[in-house]
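The tour has two stops.

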Amino acid sequence: MQLMASRINAIADHISDEEVSHFIKELLDAKRIYVMGAGRSGLVAKAFAMRLMHLGMMSYVVGETITPALQTGDLIVVLSGSGKTRTIVEIVQTAKEIGGRISLITSNPDSPIGKISDTKVIIENYRDSIPDESKEYDTRQMLGEHRSFAPLGTLFETAAMTFCDAVISRLMEITQTDESELKDRHANIE
Ligand SMILES: O=P(O)(O)OC[C@H]1O[C@](O)(CO)[C@@H](O)[C@@H]1O
């Protein structure tokens, strides 16, 4: 957990304030917000959609049976570490053709999805590197002691979850929504 926390700290240090501002503006300007991602990235997307709904925003998850047709002016928030998961690329292309705006959260801004997104927030992948202050350690040696650390997309997914929760906190401040309002909208029959 401490290694994960240190990596998330390093990621947070390098997230661009400008990218975050653009993302928040897209969220506030959108008529409706759709979220999507594959696998565990999709689970983070769903958690984000849930909090947006608690905030009083119109949010939907792409692929759910009750998700309505996308329209011009709607925003799609895409979570994809690689930015090239095939099914997601195809849906993003279709959404662009319809006139949706795309905000991507990714570690790979030069990816196929990155190239067609309107805004991007880059979550750097620090799994294989060490923050500047620890440069005297050999990277491979350190990872050798932590071979089980953050397999596959774990670092992206965990950092993206933390980032999305931070965005919700910022939106609460901007929209002056307090926790009791979120609580009132939370499902009461789950
Ligand atoms: O975030 P990406 O690059 O689109 O990848 C999604 C894939 O990564 C995973 O979340 C694995 O970590 C899978 O569940 C999913 O298939």
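We start at the ligand and then move to a pair of helices.

This is a predicted model: local features need pLDDT of at least 70, side-chain atom pairs count only at pLDDT 80 or more, and totals for chains, interfaces and linings use all residues. Residues are numbered from 1 along each chain as its sequence is written, and side-chain values use heavy atoms, with hydrogens and water left out.

**Stop 1: the ligand**

Now show polar contacts (N or O pairs within 3.5 Å). A polar backbone atom of Arg40 sits 3.1 Å from a ligand oxygen. For Ser82, a polar side-chain atom is 2.6 Å from a ligand oxygen. For Glu157, a side-chain N or O atom is also 2.6 Å from a ligand oxygen. The ligand alone exposes 400 Å², and the protein buries 72% of that (Shrake-Rupley, 1.4 Å probe).

**Stop 2: helices 2 and 7**

Select residues 17-29 and 154-174. The axes of helix 2 and helix 7 come within 11 Å and cross at roughly 60 degrees (lines fitted to C-alpha atoms over the stretch in contact; angles run from 0 to 180 degrees between N-to-C directions). The crossing is right-handed (the near helix is turned clockwise from the far one by less than a right angle).

Show side chains. Helix 2 brings Val20, Phe23, Ile24, Leu27 and Leu28; helix 7 brings Phe163, Val167, Arg170, Leu171 and Ile174 (heavy atoms within 4.5 Å). This contact has 9 nonpolar, no polar and 1 charged residues.

Note on methods
A polar contact is a pair of N or O atoms within 3.5 Å; within protein, one must be able to donate a hydrogen and the other to accept it, and residues adjacent in sequence count only if both atoms are side-chain atoms. Helices (H or I, at least four residues) and strands (E, at least two) are DSSP runs, numbered from the N terminus. Ala, Val, Leu, Ile, Met, Phe, Trp, Tyr, Cys and Pro count as nonpolar, Asp, Glu, Lys and Arg as charged, and the others, Gly among them, as polar.
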